[in-house]
Amino acid sequence: MFNKYGAYGAIHALVAVVLGAFAAHGLKDRLTAEMLNVFETGVRYHMYHGIGLLLIALASDRIGQQRGIRWAARLMHTGIFLFSGSLYALSLSGIKPLGIITPFGGLAFIVAWGMAAYAIWKAKSNQE
């Protein structure tokens, strides 16, 4: 799991940097200020959760590959696609109903962080 989700985290961080540069240089004259802000929100959360995946991968290497930590990684990975992906699609297409998908990604992020905290706490308690 460490290699797989560590690599996913690094790839997501790389993509977030590329998309952030694309927004700053290629989209600022093509999107409204509101839609550029939507795109940038997607990039920001993409980066946060790419780093989150790296941290989960490191935690899994330290505490073992428990079911909870695996699910945290899966949900964070899925959340990036749902949350950031829907914001990218919304801002580039202008199709407002795509915004319906975004909260599902946010929920995946919330549950992922909660599961990661629980798995790490549980592992710490077992080691004492």
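A nonpolar core, as I use the term, is a set of buried Ala, Val, Leu, Ile, Met, Phe, Trp, Tyr and Cys residues joined through side-chain atoms within 4.5 Å. Keep in mind that this is a predicted model.

So, the core. The largest one has 31 residues. Which of them touch the most other members? They are L27, F39, L53, I56, I69 and M76. In soluble globular proteins, nonpolar side chains tend to be buried together.

Next, the aromatic rings. The count is six aromatic pairs. I'll show two.

Take Y45 and Y48. Their ring centres are 5.4 Å apart. Their planes meet at 70°, over the 60 degrees cut-off, so this pair is edge-to-face. Both residues sit in helix α2, three residues apart, about one turn of the helix. Buried or exposed? Y45 is partly exposed, at 31% relative accessible area. Y48 is partly exposed as well, at 43%.

Now F83 and F109. Here the centres are 5.6 Å apart and the planes are at 50°, so the pair is tilted. F83 belongs to helix α3 and F109 to helix α4, so this pair ties together parts 26 residues apart in sequence. F83 is buried because its relative accessible area, 13%, is under 20%. F109 is buried too, at 4%.

Last stop, W71. R74 lies over the face of its ring, 4.9 Å from the ring centre.

Terms used. Residues numbered from 1 in each chain as written. Predicted model: local features only at pLDDT ≥ 70, side-chain atom pairs only at ≥ 80, totals over all residues. Heavy atoms only, no water. Buried < 20%, exposed > 50% of the residue type's maximum accessible area, 1.4 Å probe, protein only. Phe/Tyr/Trp six-rings, centres within 6.5 Å; stacked < 30°, edge-to-face > 60°. Helix = DSSP H or I, 4+ residues; strand = E, 2+ residues; numbered from the N terminus. Lys NZ or Arg CZ within 6 Å of the ring centre and 35° of its normal.
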